[in-house]
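Please read them alongside the coordinates.

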Amino acid sequence: MADTSEGKKPKQEAAPRFLVSSSPHLHDGQSVGGIMRLVIYALLPAALFSIYVFGLSAVRVIVLSVASSVVFEMLSQRVMKRTVRIGDWSAVLTGLLLALNLPSTSPWWLVVVGSFFAIVIAKQIYGGLGYNPFNPALVGRVVLLISFPVQMTARWIAPSKWGMEAVTTATPLGRIRESLMSQGSVDLHLTQQEWIDLLIGNRAGCLGEVSIVLLLAGGIFLIAKRVISWHTPVAFIGAVWIFTGIFHLIDPMKYADPSFHVITGGLFIGAFYMATDYVTSPITGRGMLIFGVGCGLITVVIRLFGAYPEGVSFAILLMNAATPLIDRFSRPAVFGARKRKAAAGG
Amino acid sequence: MGRRRFYGGVHPEYNKDHTRELGIEEMPLPEKLVVYFTQNLGAPPRPVVEKGDEVKKGQVIAEPGGFVSAPVHAPTSGKIKSIDLYPHPVGTDMPAAVIIPDGADEWVEGCNAERDITDLDGDKIKNLIQGGGLVGMGGASFPTHVKLSPPGDKKIDLLILNGAECEPYLTADHRLMLEKPEEILEGASLFARVLGVQKVIVAIERNKPDAIEVMRKKCIEHGGFSVAALDVVYPQGAEKQLIFALTKRRVPAGGLPMDVSVLVQNVGTAFAAYEAVRYARPLVKRVVTVTGRGIVHPKNVLARVGTSFEDLVGFCGGMKDETGKVINGGPMMGVAQYSLDASVTKGTSGVVFLVRDEIPQFISDACIRCGRCLDACPMRLNPSVLSVFIERMHFDEAEEYNVLDCIECGCCAYVCPSRRPLVHHFRRAKAEIRKRPKKTG
């Protein structure tokens, strides 16, 4: 029997130094910043369109929101002694999304308060990117919606070239709600031109929510780039269409056409860009379908029976809270799994 | 032809062009060989030589330590200079015999003798394979004779010869299929005879059209043999994924290919079986792809077991200064080396030299739950939530979420935008779960 214990390790003389780490030793090169930038690119057409229809005031809101979000992110990471990660572009994206969810008439302090709640309260206090349970931009928007309803919902500007005319008006959803309150029925007889205006975004509303066509184009770009999957937006928009359709069939005088519901309010920006937020939505396709249908259902309930004309933001935030539960019940079955025992998963 | 693939997977840069056109070159005898006693999964073999012993080529220097174990043979004739601990390419230091070749390269009696194999029965073949020290040469190093001994209640109806070679950079199997197709198929028919299997499929990824063509031609002469061209997607060569791609049979979680009546053997192993059975040559040489931007002249080297990486580098024109990582095996599943003192084992399919600017750093930012890892995982696990559990040391939850089914292919970490060292986490969890006392009931 050989003796293997005696003897020393072979001497290493000026051995070259190699990096040692666990496999794999390759990476596809994608980064968090890269993904965030793709989402920003997808939003740019809608953002530029908002400048075209709302003018300089839109530029002001976007610049202010992005800048203050980045500053708040940097400051809170400094104060909380975390690595400053402005380079991951997530604060820029949050700032942009918040801006696109505000009216062009927002005073400067409204934007700053919104981005403070989005970045500091909704994101950094929970631990930063990856740990926030609620969509930061939507937390910012909803805080403003509840605290400053006048600034958030009462002053809408009708679109005009470069925002030159600045005539106040109401949003389409606000208008049908008013007509329902005053006349007891929705007064919705849209001409073909009016439908087209709604689609291209020639209507009052938050900066980024108005142009359905451009939001859809950006969304398709993100799906093609595999940044988001189709499940959430299709389930969300589909659910809104079906549920409002059911009510429309029951009483067309009280409930507006489902197609009108789908292309108004913040549904498209919500379904493609907010409900698909990685951190706060389910991770499996099946989970995303459940999440999307839940968002659609809550949106319809709020729009038709709630106090607000618009319900997308609240719906997404409520479903954010359900995300861990949905994830738990939509686990993918491991390859080759036998039927799972009844006890498992509890 | 339909889609021949599986769920998930990734498309890394294959980088096989360094060596795909280069014929296998036999490396001259180095000045010393460092032969580890442990070269198989399972029980470590027992050394039967001592310092100062003279050995002949093919002589057993370590005997099997049990049924799931394989003997180790001297790769040349010479003198055992020492028995010492050496860095094993898969990790820790392991005992190894240092053999100084005498240059005669003289076989021990009984080896290197041609044998008529037409009338050999299955048991005899299996014994010769066992005696030849064969292990799976795709990298896992599981003793071949054990795979060829399914329990009586498991009937095998299909043998898959794995020539997928889905790991980037590696071309050892590719070259072997081009240069030794007949021997590989003869080896496969030996396996088939042991198992009583009529149907053999040679599985090759479509990025090796020349190998597919050569093997197709050769298969015509073998009844029941066919070639299947597979989609190029990593990890196509992983056993369970390969079986699913070819047969749509799902190996049960925690089970083995034999549970769906299939056996998978690497093409290199089939070649080694032919050598062991036909010519009584035990496994002392293998093809090693020495490649990567860090090596001056990448080659497909026929190297003796025990050849140090240092000597491989010397044979391939040296190593460039920018080399930052040396990997035993392919870059997706291989093991990073801290020195060139490690030596070729029966499982060394390649040694890849990466230069510094192409080495990703896994820095482990927070998971943003993008779900890319779920799309990539061929086992349909949830690497995202698993890694979060393991960071918090919640190993029970990790087990409940099937971490033990992870095949460590590396797809999840490859696509992770937060560069989380996911496979590292899963290895840790598996080790923690396995060392825990078994729960009763």
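1. Leaving aside neighbours within four places in sequence, which residues is B:Val35 in contact with? The model is a predicted one, and in it B:Val35 touches B:Ile61, B:Val72, B:Pro75, B:Ala96, B:Ala97, B:Ile99, B:Val305 and B:Gly306.

2. B:Val35 also belongs to the largest nonpolar core, which has 138 residues. It is listed there among the residues with the most contacts inside the core, together with B:Leu159, B:Ile160, B:Leu161, B:Phe191, B:Ala203 and B:Ala273. This core lies between domain 1 (122-279) and domain 2 (372-435) of chain B, because both domains give residues to it. In soluble globular proteins, nonpolar side chains tend to be buried together.

3. On the domains of chain B: the division is into domain 1, residues 122-279, and domain 2, residues 372-435. Their C-alpha centres are 29 Å apart. Where the two domains of chain B meet, six residues of domain 1 are in contact with six residues of domain 2. The domain 1 side of this contact consists of four nonpolar and two polar residues, with no charged residues.

4. On the contact between the chains: 41 residues of chain A are in contact with 66 residues of chain B. Sorted by class, the chain A side has 21 nonpolar, 15 polar and five charged residues.

Methods. Residues numbered from 1 in each chain as written. Chains lettered and ligands numbered in written order. Predicted model: local features only at pLDDT ≥ 70, side-chain atom pairs only at ≥ 80, totals over all residues. Domains from an automatic or database assignment. Contact = placed C-beta atoms within 7 Å. Nonpolar A, V, L, I, M, F, W, Y, C, P; charged D, E, K, R; others polar. Core = buried A, V, L, I, M, F, W, Y, C linked by C-beta atoms within 7 Å. Buried ≥ 20, exposed ≤ 12 C-beta atoms within 10 Å, placed from the backbone.
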